[in-house]
Amino acid sequence: MGPSSKHTPRSPTYLIPCVIALALFSLTGLLLYKVLLSPTPSFFYPCPLPIFLSLFILHHFFALSVTFPSLGNFVEQVDDVASRTGTVVGHNLEPTPWHVFPHKPFDEESRQQRTYKILQCSYLTCRYAAGAVGGSRRSFAGGREECPEFFRAIHRDLAPWLESRISKAHVAAAQRYAAFRVVIVEGKVFVDWYYACVQSRAMFTLWGLLQLMRRYPGKVPDVDMMFDCMDKPSVNRTEHQAMPLPLFRYCTTKEHFDIPFPDWSFWGWSEINIRPWQEEFPDIKQGSRNVSWKNKFPWAYWKGNPDVASPIRTELINCNDSRKWGAEIMRQDWGEAARSGFKQSKLSNQCNHRYKIYAEGYAWSVSLKYILSCGSVALIISPQYEDFFSRGLIPNHNFWLVDSLNLCPSIKYAVEWGNQHPVEAEAIGKRGQDFMGSLNMDRIYEYMFHLISEYSKLQDFKPTPPTTALEVCVESVLCFADEKQRMFLNKSTAFPSHKPPCNLKPA
């Protein structure tokens, strides 16, 4: 059995009626006038008037409960609801036990501020939003182009359920490995929280799903999906052969049933200042042109964190000798990078070498797409993990495969070959960059659409949100976001497509 949810129902029966009734009963015209003219408290995200009034009164009931104990029960009930509500930023959630990370303390908020924010963002905001995020169904003009060949991997990823189909029991059993559950019903997105995700992965992953709904309004089918937000696949094929469990995450391997899904950083990674893909890729490509191939450093380059329990990265440190092994290996100190405003970590400034190394970390790494984007020859060290797009990579065509069992000599051989065959080497790098250029946000939304659509066809039940799930909408995610996160989210906002998704080829 998976972990049982400790969270409250979507709408506690007493919460909203009580707050609104108290607001309407207590406010006078003079008070309303003063409220409307006063500055909005800093902990309020701009919201509709009914929400603001309700929370304004709630604030005063917190204060009055000290003087009038009879109000204390009401305040305690409201506070109890907030203290048992999981959120997209990790309120009241423990870190995933299979990959523990520091728990976010939320000590920058007072108890009252935290309660206001949770009530506003989780229970009130979506009620006053524009409606189903999917909007009304659109009709498309024109024909459909064929999807890229690697899209066919969707069929392979979902093949384990072709005969058995996906039942409620399959989904329920997958909860054991999930951080959250997403249920889409009639254009609305509901989330049931089990564990917190590291940093803002959950926020940007859900934002991506919400933008998919905006991209294809009325087209995304009803679906029930379990998600994990950490790096390492967990549904082993040997252990779960009798009953494959459907679990979405950012990567998979040939030994796992985990279903790869576009990772959060396509919409931005605010903690390390990586912008949404639609901005980051063109900037990296432009940076790659600042130095001609002839004038790029004629050795391989890697910069990252070796302290992530990765034997490959540990061994890679030993290759740090540009004369002996043709490699420059740099340790990335993210703490120092943050203190300097990431000035030395800008991705577009890291394309000055003819060869760039990709080394998996604790598991899969988001760095692959940025390395390929440079136009250098991507030296990929025997990858164990694959994400959704890496199935489109072809050795010696758009990347160079490095042998992990003979690491330093293999890097040296690749560098020497490339320097002896500069035209061919430059062409490999250019094809890798072109491949990433073809992976624009239109393609990413098309992949998401087809993956979810094909998955939904395998479900043998009608998806319904569990009683512990909460609706999540664009406005509620923005409500929880801090200033920097909100900037990244707004930059990655999608708009309805004027053409249909590409045509997915059969298996």
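Trainee: How do you know how confident the predictor is in the chain?
Mentor: By pLDDT, the predictor's confidence in each residue, from 0 to 100. The chain averages 87, and 82% of the residues score at least 70. Over residues 21–45 pLDDT stays under 50. Where pLDDT is low, the predicted coordinates should not be read in detail.

Trainee: How many helices and strands does the chain have?
Mentor: There are 17 helices and 11 strands. Both are DSSP runs numbered from the N terminus: helices are H or I with at least four residues, strands are E with at least two.

Trainee: What makes β1 and β2 a pair?
Mentor: Two strands pair if DSSP finds at least two bridges between them. Strand β1 (residues 180–185) and β2 are joined by 6 bridges and run antiparallel, so under that rule they pair.

Trainee: Why is β3 called largely enclosed?
Mentor: Buried means under 20% relative accessible area, exposed means over 50%, and partly exposed is in between (1.4 Å probe, protein chains only). In β3, 5 of the 5 residues are buried, so the rest of the structure largely encloses this strand. Both faces are covered, with Val223, Met225 and Phe227 buried on one side and Asp224 and Met226 on the other. For strand β2 (residues 188–193) the count is 5 of the 6 residues, so β2 is largely enclosed as well.

Trainee: Is arginine 237 buried, exposed or partly exposed, and what makes it so?
Mentor: Its relative accessibility is 28%, so arginine 237 counts as partly exposed. It is found in the loop between β3 (223–227) and β4. Contact means heavy atoms within 4.5 Å. Beyond its neighbours within four places in sequence, arginine 237 is in contact with Pro160, Lys254, Glu255, His256 and Phe257.

Trainee: Why are β7 and β10 called edge strands?
Mentor: They belong to an open sheet of 5 strands in the order β7-β6-β8-β9-β10, with parallel pairing. β7 (327–331) and β10 (400–402) each have a single partner strand, so one side of each has no neighbour in the sheet.

Trainee: Why is the pair of tyrosine 250 and tryptophan 264 called tilted?
Mentor: Rings of Phe, Tyr and Trp (its six-membered ring) pair if their centres lie within 6.5 Å; planes under 30 degrees apart count as stacked, over 60 as edge-to-face and the rest as tilted. Here the centres are 5.2 Å apart and the planes stand at 55°, so the pair is tilted. Tyrosine 250 counts as buried at 2% relative accessibility, and tryptophan 264 does at 1%.

Trainee: What makes the pair of phenylalanine 266 and tryptophan 267 edge-to-face?
Mentor: Their planes are 75° apart, with 6.3 Å from centre to centre. Phenylalanine 266 is buried, at 0% relative accessible area.

Trainee: How do you know that a charge sits over the ring of phenylalanine 266?
Mentor: The rule asks for NZ of Lys or CZ of Arg within 6 Å of the ring centre and within 35 degrees of the ring normal. The charged end of lysine 369 sits over this ring, 4.5 Å from its centre. Lysine 232 lies over the face of tyrosine 362, at 4.2 Å from the ring centre.

How values were computed: Residues are numbered from 1 along each chain as its sequence is written. This is a predicted model: local features need pLDDT of at least 70, side-chain atom pairs count only at pLDDT 80 or more; totals for chains, interfaces and linings use all residues. Side-chain values use heavy atoms; hydrogens and water are left out.
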